[in-house]
Each structure stands twice: as C-alpha cells, then as structure tokens.
Amino acid sequence: MLRRHRHAGEPLACVPVAEGLLNRGFRLSTTRGTYFLKQHLDAPTADRATIARQHRATQRLHALGLPVAPPLPDATGRTVAVIDGHCYALHPWIDGRHRDGTQLSTGCSRRLGTLLGQVHTALDRVMEPSEHAGPDGTCGADDGGRASADLQDTFRAIDELIRLARAHRPRDSFDALAEHRLRERRRLLAQHAHHRPPPAAAAGWVHGDFHPLNLLYRGAEPAAIVDWDRLGVRPRAEEAVRAAAIFFVRPGGELALEKVRPYARAYRRATGADRAELAAAAHRVWWERLNDFWTLRWRYQLHDRRADPQFPAVSALAVWWTREYEAVRDAFTG
C-alpha cells in the first residue's frame, strides 16, 4: 500500500484498531506521520465503485468545511487500492475520542443536531444525480417509499430466535434474557399491530451509520465524522431519530429526553424539517426497533458475539419507548 503512497514515507508500525464491527482498520505509523489504513470487508459496500463514491462525497464535504477525513490519493490520484482482491484506502489519522450521550452537555447535544443537519443539507448539494444509488446498489431517489417491517416476518423471526436461544449451550443468563425479551416483544407487537406505519414520504442523502463510534471529538467539538460505508438515499429525519436513539440511550434502556430535545430542535433548524416530519420519523424508528433483533441474529445465526454487550440496553429501549411513546415524540417535535 505504501508503495502506492510514496509521499507517506516508510512503514514503522501497523497496529489494528479495536473499534469497528464490519470492516478492519489499522493505525499505520511511518517515517512521515500517522495514518488510518482501512480494509473494506463488508460485502454490500466493499466494491471499488461504491467506495470511490463515498470518497468523492467526503472530499466535497471537506471542501465545504465539514469535519470529515477524506482519503489520501496515491501517486496516480486514485483513493482506492485493490490488493489481493480486497479494497484498501489510506486516510489521515485523526486524534480524538468517541463520546456518547452521557458525555455530551446540553450545548454539545445541540451542536450534534446541528452537525447532522448540516451533513444532510450539504450532501444534497454535493451529490450528483448519477450517483443516486445506495450501498447495495438498489437505493434510488425514491427510497423513502420502503415498506415498514411486516409482523408475520417478525413473528417467524422471533420463533426461530427463541428456538435457538433455548437450544444454546452452555445456556447462560444472556440466553434467558434473550428468550424473555423475545416473548415480551411478541406480546407488544400483537398489542400494537394496528400502529404499523406507512412508507416514509420523503428521502435524501444520509451518512447511513451516524453513531458515537463514527464521530471523533477533540474536547467538546467534533473533529471528524468517519465510516461513510452506508452513504445512501434514505429518509433523512429517520437518521436523525435513529442517531438519537443510539447517542442518548442510557444503560437501562431509557432515552435522555432532556438531551434529545435540544438535539432535535437544532436538527430541525439546520434542515428546515418540520415537527410533522420528525413525528413520522420517530414513529417509524419506534416500529423498526420493535421489529429488529440484529444483536440476537449475530449471536445465534452468525455465531458472532461482538454485539452481545449492546443487547440489554437495545432490547430495553424498545419496551421503554413503547411505554413512553408520547414523551419521546414530544421530545423530537417540541
């Protein structure tokens, strides 16, 4: 890789970066500095054309002054290198740290909402019509019309996951909690089946995976938004709600609504989104959370336990959100 990036110097050390579930990253130290070397492995987003589109987007956003870390071009001007069948990219190393909602003040929460709003409006400016495709190549400008989760599919998934949790050996407290939450979720879904939301009315360009591990801070200010693998056309306000549900969830599964309010208000100001759009987005994300079991799919179907620590709060959030539905909606729209 460094033979292609001669300006980066000679290698001194290459250390894996611990964070990241889908791709692989390394802290690369050379005689001329420190860099982030990314190996793209997630199949839906690991082809050269998709990565190059992400790179163009970050270069344009950087030119507008947004905190991103565009890739470094090699001697031929290319930003994607294919080596032994895998795609790699070299980025500047950004000194910073991740901060979740518990580490964000009210003012920082407000700035977070403004930042995400600026990303959405800037993406509308910099993305070209020919680039209207999502990470899997199927998302177009009308992607907002995707149907919400179907209950029959969800019930089948719950039955299968209960079977796998009961059969898991050695059985532990996680398996017992998983089975309890799955049965609880089935009851909630049956009670709220009539609240299945309609397709979203509007979509725009979004980061696609905006959460604390993809945002680096220096002090109280964002230094870089990273990991643009899921860049695509989707309902924008839903990304705002989804991000809040990750940033501001407490260990017990409650949302810190006193931080959601300034965050959402700042997002609305930055984008011009109205209260009705945020209310509809909150409803769709609530339904999505009720029907989603990705952490359990990883554990029981993919035999991958890296997401296990997220399950207790994520599963509790769906229950708490259902109970506090009106308060959550008001936090996003008030």
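Predicted model: local features only at pLDDT ≥ 70, side-chain atom pairs only at ≥ 80, totals over all residues.
In what order do the five strands of the open sheet lie? Residues are numbered from 1 along each chain as its sequence is written, and side-chain values use heavy atoms, with hydrogens and water left out.

**View 1. The open sheet has the strand order E1-E2-E3-E5-E4, with antiparallel pairing.** Strands (E, at least two residues) and helices (H or I, at least four) are DSSP runs numbered from the N terminus; two strands pair if DSSP finds at least two bridges between them. Strand E1 (11–16) and strand E4 (81–83) are the edge strands, each pairing on one side only. On average, neighbouring strands of the sheet are turned by 30° against each other, direction ignored. Axes here are lines fitted to C-alpha atoms, for helices over the stretch in contact, and angles run from 0 to 180 degrees between N-to-C directions.

**View 2. Strand E2 (residues 24–30) pairs with strand E3 (residues 33–40) in the antiparallel sense.** Seven bridges join the two strands. Thr30 has Gly33 as its bridge partner in E3.

**View 3. Helix H1 (residues 48–63) packs on the sheet.** H1 touches E3, E4 and strand E5 (86–92), where contact means heavy atoms within 4.5 Å. The direction of H1 makes about 15° with that of E5.

**View 4. The largest cavity holds about 60 Å³ of space.** On a 1 Å grid over the protein atoms alone, a cavity is a set of points where a 1.4 Å probe fits but cannot get out; a pocket is an open set with protein on both sides within 12 Å along at least five of seven lines; lining residues have an atom within 4 Å of a point. Grid points are joined across faces, edges and corners, and a volume is the space filled by probe spheres set on the points. The lining includes Arg185, Asp292, Trp294 and Phe311. Helix H8 (294–300) and helix H9 (311–323) each supply at least two lining residues.

**View 5. The second largest pocket has a volume of about 210 Å³.** Of its 15 lining residues, Ala200, Ala201, Glu277, Ala280 and Ala281 are the closest to its centre. H7 gives the largest share of the lining, five residues.

**View 6. Gly272 lies in the loop between helix H6 (257–271) and helix H7 (275–291).** Gly272 is exposed, with a relative accessible area of 62% (buried means under 20%, exposed over 50%, partly exposed in between; 1.4 Å probe, protein chains only).
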